[in-house]
Amino acid sequence: MADRPVSDIELKAPKGDWRDAHVELRKGTFSNASLPKDLIALGLPNPRKWQPTDLDWQLPPDWKGILLRGMRERLAKYRSFRLFMDVCVRCGACADKCHFYLGSGDPKNMPFARAELIRSVYRRYFTLSGRLFRSLADARDLTEDVVKEWFYYFYQCTECRRCSVYCPFGIDTAEITIIVRELLSLIGVSTHWVTEPAANCYRVGNHLGIAPHAFKDALDFARDELRELTGLDIEIPISRKGAEILFVMPSADYFATPHYYTLLGYMMLFHEIGLDFTVSAYASEGGNFGLFHSNDLMKRLNAKIYEEAKRLGVRWILGGECGHMWRVLHQYMDTMNGPADFLEVPVSPLTGTRFANAASTKMVHICEFTADLLYHEKIKLDPSRNDEYVVTYHDSCNPSRAMGLLEEPRYVLKRACNHFHEMPAKTIREYTFCCGSGAGLGNDENMEMRLRGGFPRAQAVRHVREAHGVNLLACICAIDKATLPTLMDYWVPGVQVAGVHELLGNALVMKGAKERTTNLRGEPLAKETANA
Amino acid sequence: MATPATVEERWLAAAATVSGGLIAAHTLTERDPFRNPIGHVLRRNLAALVREFFGAMDEAAIDAAFGEIMALRSIQDLSVERAVGFVFRLRGIVREEAPQMQPAEAEARIDRLAISAFTQYLACRERLADLKLNEQLRALGVARRRTAHRGGAPA
Ligand code: SF4
Ligand code: SF4
């Protein structure tokens, strides 16, 4: 401790007026603008070439009217939006809960301050006190600077909902972000990283625009690799009518690593239990970047899941490891594109377990399905095959906070691995820290902002690395698998990232398979290395 | 009587208050590492640096501490000058808090710290390019794996 008062520790608030909307758009801290071709493909307004650093954003002439009418409509349509505009008491409970505030120190990243950016406009145009007293009521005029500020800060919110866990009123800033992004999209302000995958998905069925023959190619390659690994011919049926189950996964599972090893894990599992399933070349994307743009786009992209289930005549749907995909499936799909009354309440063909929690959506998460298999001892595991890993688990925001999927992935991991350690309690489960790259932020040009946003998560990983020698961060989200390796390389070098079903696949003992000498990545198993 | 702890507190205050946009109060007072990760990293590493400053000036320890501080500051909204400049705030602090130290010796040590800080800052900026490249390679991971599998370029 210091032995005398220290005069130069200044405990003061930052300078400047929070109402000043001007933002400094520094390279590395924002996402590029949407390209006209994608807006045209999606039928969205105001397609043009522009960038956020342009002085003139080429907004439509009546941009202000469009935004205010858009707000009015949404205030009438979404009770939650109206409520969230009115009820915040600025108690500050959420202030230090946002990873972007914690990693950047920027006060406008405090969740209530972020919401205040639109609340102040709401007060100005939609409340009597704001109309009469403006600044006394903390009301702000809607200006072009405010539009730019919204763009900057609402694309700095990953819609993770951590703040809502702490808010005594349950204010969900993520919902506010969704509405603001939707408003911005009305005047053609959106990001390339969101609208390009959405346009690809709309036209071809998946984010990268992988055509059906290339989809088949990727799965054939997986089959080849699985044959080498196990000695078994593991077929991956595509668009097979009459299968019992439609399996939907994020497209990254078949084009990116480390996602792909998770795909291998799923397929080994399905083969081992003899599951009657099919994947689909049409519903070849579980992910839904529409969620990061607008409710309407989310609904349009989601429609293919039920449509394909109907066309193929399956009984129910099983979904792979993904985060935002599950937010959409679990929270919105039934209302948007249901009811799925042509499907049955999912029942595991192996255990007879009826997934009553999926009675309305008819869609089960792979971790629930696998945990149930393990609980009923339907599969055999050799966790020693994962002995090179000291594992911790990152609760991806959407499965944990939007679905309450907390125990099942842990149950699978603890059976599949001998060495597992939790990160500190306030950084996992419903309190989990976001990866900092979700909700369409996970692009190249936004790297510095992502590293700020992911810093709190990385600190918690670092904690278990130092305490227990953790070298593997498991997760069940495609965006996590794409971006956590980057986060780890920067903040906690030496920690790899893997899906839960990759580790399951490593450990899975398969009937008739040859002896395993490598893991799914083709690396020698720990015991092989020890014997060498 | 000056203590390294006094120097550490004052230096931490200097580092926190020059950080653009940082709310210094939170950074300085909140001790929970998961409610104040920036403050935690600053505090931990500045303590190590002050120990070295009054001790052996071990190069590896200094580089490691600045490595962590600069990983943070190089991605904040700070110019290089502001990211690294807080090191020189040590001059005044040491002059007041450790008058027993020879000014020339103090200067030489601060210079060595500043060089390490600057080197680590640059290293962090360079790492950003690698991160982007590796992320793109992973995004094409399956295609690369296939190429390698069929005897093409390495995965
Ligand atoms: S916790 Fe809720 S009520 Fe309190 S400041 Fe945050 S949003 Fe407002
Ligand atoms: S939803 Fe997440 S990113 Fe958005 S303000 Fe809340 S804590 Fe921050």
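Where in chain A is the place of A:Gln58? A:Gln58 sits in the loop between α1 (36–42) and α2 (63–77) of chain A. Helices here are DSSP runs of H or I with at least four residues, strands are runs of E with at least two, and both are numbered from the N terminus.

Some ground rules before going on. This is a predicted model, where local features need pLDDT of at least 70 and side-chain atom pairs count only at pLDDT 80 or more, while totals for chains, interfaces and linings use all residues. Residues are numbered from 1 along each chain as its sequence is written, chains are lettered from A and ligands numbered from 1 in the order in which they are written, and side-chain values use heavy atoms, leaving out hydrogens and water.

Most residues other than glycine have a negative phi, and most peptide bonds are trans. A:Gln58 isn't a glycine, yet its phi is positive, about 50°. A:Arg429 also has a positive phi of about 50° without being a glycine, and you'll find A:Arg429 in the loop between α17 (407–416) and α18 (447–453) of chain A. A:Gln58 counts as partly exposed because its relative accessibility is 34%; buried means under 20% relative accessible area, exposed over 50%, and partly exposed in between, using a 1.4 Å probe and protein chains only. A:Arg429 is partly exposed too, at 23%.

| Cis bond | Omega | Loop holding the proline |
|---|---|---|
| A:Thr257 to A:Pro258 | near 10° | between β1 and α12 (259–273) of chain A |
| A:Gly338 to A:Pro339 | about 0° | between α14 (324–337) and β4 (363–365) of chain A |

Another loop residue is A:Leu232, between α11 (212–230) and β1 (245–248) of chain A. A:Leu232 is buried, because its relative accessible area is 13%. From A:Leu232 to A:Lys514 you'd count 282 residues in sequence, but C-alpha to C-alpha they are 8.1 Å apart in space.

**Around the ligands**

A residue is near a molecule if one of its heavy atoms lies within 4 Å of it. The residues around ligand 1 include A:Cys88, A:Cys91, A:Cys94 and A:Cys167. That shell divides into 10 nonpolar residues, one polar and one charged. Nonpolar covers Ala, Val, Leu, Ile, Met, Phe, Trp, Tyr, Cys and Pro; charged covers Asp, Glu, Lys and Arg; the others, Gly among them, are polar.

**Inside the protein**

The largest nonpolar core has 131 residues, and A:Trp150, A:Trp491 and B:Phe66 are among those with the most contacts inside it. Such a core is a set of buried Ala, Val, Leu, Ile, Met, Phe, Trp, Tyr and Cys residues joined through side-chain atoms within 4.5 Å. Its largest share, nine residues, comes from α7(B).

What about chain B as a whole? Chain B has eight helices and zero strands, and 51% of its 155 residues count as buried.
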